[in-house]
Amino acid sequence: MEGLGIKQRLQETLKSIYFPFVAIVVSLLIGSVVILATSTTSPLTAYGHMLKGAFGNLAAFDATLIKAIPLIFTALSFSLARRSGIINLGAEGQFMMGALAATAVGVATPNLPAIIHLPATLLAGFLGGALVGLLTGVLKVRFGASELIITIMLNYIAKELISFFVNGPLMDSASSSYPQSAPMEPSARLYKFIPGMNVHTGLIIALVFIFLYYFFLWKTTAGFDMRVVGFNPSAGEYAGMNIGRSTIFALFLAGGLAGLGGCIEIIAVQGRLMMTSFIVPYGFTGIAVALLGNLNPLGVLFSGILFGGLSAGALRMEVMTRNVSSSVAVVIQALIILFIAGRQMFAIKKRYRSRSSSGTSAGKTVTDEAKDDDAPLAPATAEEGV
Amino acid sequence: MNEVVSFFSTTLRLATPTLLAALGIVFSERAGVVNIGTEGMMLVGALSGVIGSYVTGNVWLGTLIAIVVTVLFAAIFGFFTVVVKADQTVIGTGMNLLASGLTITVNRALFGASTSPPEIDKFVIAPIPGLSKIPVIGPIFFNHHILVYLAFLLVPIAHFVMFRTNVGLKVRSVGENPKACDTVGIRVGMTRFLSILYSGILAGIAGSFVSMGMLSFFTEGMIAGGGFIALAAVVFGNYTPRGVMFSSLVFGASNALMYRLQALATNVPSQFPLMIPYVITIVSLCIVSRRSNKPLGSGKPYIKE
């Protein structure tokens with residue numbers, strides 16, 4: 001893409017936001033039908049409250065950013081796996097296990113200096129999720145079992161494990177009637193860092209990991225191998241890459257990203273592990289974020305903030321209107337998944353075809369890509385060259 | 001003895017929603033469609049059945065409404081996967097999230113967050129006259145909801161249709177080699193679409209059975225993985241109706257075992273028995289995945305050249 005002129009660059013940019021834009025607009029339209037059907041509030045009023053609650057003022061944007069942080073991590077998790085040809089539906093469980101492992105480290109060792117305790121807690125969170133991913137990868141590669149059902153089953157098992165730990169070994173002795181852990185030690189917590197805002201240093205960690213995601217996949221050999229295996233497994237095998245190892249490693253990292261998200265949510269926002277810590281389906285919402293962001297680092301950042309706004313705004317919408325359920329936001333998220341995955345239906349046919357066949361470095365036409373089940377969802381033009 | 005009888009009877013009852021849904025999925029899977037969205041379809045069936053029964057006052061009319069609504073919902077899945085040719089797994093995941101959001105929204109709008117749900121007409125036990133009086137055998141096999149009998153009667157019918165009729169042959173070949181089918185004039189897209197609608201019918205019935213047979217009202221997210229377990233039952237049952245019956249019984253038994261352990265357990269924390277069905281699902285997938293009847297064209301949209 002080096003030799004493109006300004007006009008072409010602009011066209012590329014427009015094209016990369018065309019599908020997300022259409023998907024969002026259509027989803028909001030259908031969402032307004034749902035609002036009309038299930039409440040007495042006009043959709044415009046409802047969406048107005050949502051917008052105000054998401055981006056209306058500094059406090060709203062603050063809340064949006066806080067909600068965006070876990071979504072960015074689960075979206076990176078889905079994106080990384082998808083780029084390597086795997087569909088990770090297990091971010092939900094990996095998120096929980098990351099939170100669980102982080103809690104164990106975060107409450108167990110008082111009087112540690114933060115410089116040791118905090119990194120140890122973050123590492124535990126990463127490993128908690130990564131080990132779940134590793135298990136999935138090993139079962140997939142060793143037994144040929146589909147990762148789809150395995151990851152989903154592991155989600156339910158993780159939920160029961162959390163319930164066991166907050167009712168048993170990790171239960172707070174000071175409040176023994178509630179199924180919750182003791183509060184995290186101050187040395188294992190993340191704090192706010194911008195005067196006047198509640199958003200915590202997890203935001204910086206999220207930005208660092210967005211960069212690492214980019215750096216790993218596009219600037220390292222291991223990341224390159226992973227993308228090749230994801231794009232065309234037989235080509236990867238022909239080039240001597242170990243597909244099994246790449247799959248296991250990708251799931252390990254994807255699990256770790258989701259786990260880190262769970263860890264940060266506990267040590268920065270919730271303060272202790274509870275059954276109610278996981279009411280918001282961060283794992284599944286992360287899929288929508290990843291797809292809307294086209295599995296790209298910057299895309300994930302922007303769509304993460306957008307979806308953070310959607311959840312933050314939905315709460316305000318429910319409070320202000322009193323009869324529009326915040327679950328309408330889930331409906332809109334689901335519709336966005338459908339319309340992004342099915343974005344071919346919005347393609348402006350002639351132009352799109354001729355452009356993509358005019359030879360990008362990835363060299364795949366739209367039909368080629370749709371045929372190849374294991375190819376990443378990103379259209380060929382979004383690739384910066386494998 | 002009583003314990004054993006009640007264990008087996010519970011196994012049959014708990015296997016029923018899995019079996020119903022899986023008998024639908026086995027056809028759509030054979031046609032080459034991976035239907036991750038079954039979970040959402042069952043959820044939609046569970047709620048629309050309850051609404052139908054609440055409005056009409058009759059559980060069977062409620063089930064009929066559940067079937068209609070779930071088939072419409074399945075048509076959305078069919079539209080995106082067959083017509084638009086989008087990635088089946090991602091669309092399935094989207095459908096599950098959509099079902100979750102829609103059922104919560106509609107349920108709250110209609111019934112509010114009230115603590116005591118309204119009374120609805122629900123499925124009742126229908127002992128088969130005479131047979132249900134046989135000792136041991138009677139209470140295990142012939143003292144159930146009508147849907148339990150129907151689910152098991154459907155197994156030989158499904159087997160016959162799949163392996164002895166033209167329809168079954170078409171479905172299987174469309175999954176195995178869509179291109180060849182297209183060449184000889186079998187309509188690949190239409191066959192797949194109809195098999196998705198068929199799996200919608202059975203998912204709707206299965207969902208109704210969960211909300212009106214096993215329980216007596218709708219609760220948010222009440223399917224709790226039942227659709228995924230049905231999907232696993234198809235893989236574990238090696239894509240045949242008979243195999244699906246066997247694996248549904250295994251999952252039903254693991255659920256029954258969970259309830260027994262929960263009732264008996266003195267010091268086993270209740271969460272571990274609850275994990276049993278999920279663990280068994282994973283183990284069973286690992287056992288069978290290497291030697292499977294999975295169709296060659298599974299999961300790939302068919303695009304004419």
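Trainee: Which residues of H7(A) are buried?
Mentor: In this predicted model, the buried residues of H7(A) are Gly202(A), Leu203(A), Ile205(A), Ala206(A), Phe209(A), Ile210(A), Tyr213(A) and Leu217(A). Looking down the helix axis, these residues fall within an arc of 155°, so they line one face of H7(A).

Trainee: Why would a spacing like that give a face?
Mentor: An α-helix has 3.6 residues a turn, so residues three or four places apart point the same way.

Trainee: And what does the face of H7(A) turned away from the buried side carry?
Mentor: That face has the exposed residues Val208(A), Phe211(A), Phe215(A) and Lys219(A).

Trainee: What do the buried residues of H7(A) pack against?
Mentor: Their partners are H3, helix H8 (221–231), H10 and H12 of chain A. As for its length, H7(A) covers residues 202–219, and its 18 residues reach 25 Å from first C-alpha to last, close to the 26 Å expected at 1.5 Å a residue.

Trainee: How far apart are the end C-alpha atoms of H2(A)?
Mentor: They are 18 Å apart, and that agrees with the 18 Å that its 13 residues, 43–55, should span at 1.5 Å a residue.

Trainee: What comes just after H5(A)?
Mentor: Gly144(A), which takes a positive phi of about 70°.

Trainee: Where do Leu295(A) and Arg322(A) lie?
Mentor: Leu295(A) is in the loop between helix H11 (282–292) and H12 of chain A. Arg322(A) lies in the loop between H12 and helix H13 (328–341) of chain A.

Trainee: Is Leu295(A) buried or exposed? And Arg322(A), buried or exposed?
Mentor: Leu295(A) is buried, with 24 other C-beta atoms within 10 Å. Arg322(A) has 10 C-beta neighbours inside 10 Å, so it counts as exposed.

Trainee: Zooming out, what is the secondary structure of chain A, and what is that of chain B?
Mentor: Chain A has 15 helices and 0 strands. Chain B comes to 12 helices and 2 strands, in the order α-α-α-α-β-α-β-α-α-α-α-α-α-α from the N terminus on. The radius of gyration of chain B is 19 Å, close to the 19 Å the globule rule gives for 305 residues, so chain B is as compact as a globular protein of that length.

Trainee: How much of each chain is buried?
Mentor: For chain B, 54% of the 305 residues count as buried; for chain A, 53% of the 386 residues do.

Trainee: What about the nonpolar core? Which residues touch the most other members?
Mentor: In the largest nonpolar core, which has 203 residues, those are Ile72(A), Leu76(A), Ile337(A), Ala22(B) and Val234(B). Helix H10 of chain A, residues 243–270, gives the largest share of this core, 14 residues. Beyond its neighbours within four places in sequence, Val234(B) is in contact with Ala22(B), Ile25(B), Val26(B), Glu29(B), Tyr239(B) and Val244(B).

Trainee: Last topic, the contact between the chains. How many residues does it take from each?
Mentor: It takes 41 residues from chain B and 43 residues from chain A. On the chain B side, helix H4 (88–111), helix H10 (226–236) and helix H12 (271–288) each supply at least two residues, and H4(B) gives the largest share, 15 residues.

Trainee: What's that side like by class?
Mentor: The side of chain B that touches chain A has 25 nonpolar, 11 polar and 5 charged residues.

How values were computed: Residues are numbered from 1 along each chain as its sequence is written. Chains are lettered from A and ligands numbered from 1 in the order in which they are written. This is a predicted model: local features need pLDDT of at least 70, side-chain atom pairs count only at pLDDT 80 or more; totals for chains, interfaces and linings use all residues. Helices (H or I, at least four residues) and strands (E, at least two) are DSSP runs, numbered from the N terminus. The expected span of a helix is 1.5 Å times one less than its number of residues. The radius of gyration is taken over C-alpha atoms; the globule rule is 2.2 Å times the number of residues to the power 0.38. A residue is buried if 20 or more other C-beta atoms lie within 10 Å of its own, exposed if 12 or fewer, and partly exposed in between; C-beta atoms are placed from the backbone. Two residues are in contact if their C-beta atoms, placed from the backbone, lie within 7 Å. Ala, Val, Leu, Ile, Met, Phe, Trp, Tyr, Cys and Pro count as nonpolar, Asp, Glu, Lys and Arg as charged, and the others, Gly among them, as polar. A nonpolar core is a set of buried Ala, Val, Leu, Ile, Met, Phe, Trp, Tyr and Cys residues joined through C-beta atoms within 7 Å. The arc is that of the directions from the helix axis to the C-beta atoms.
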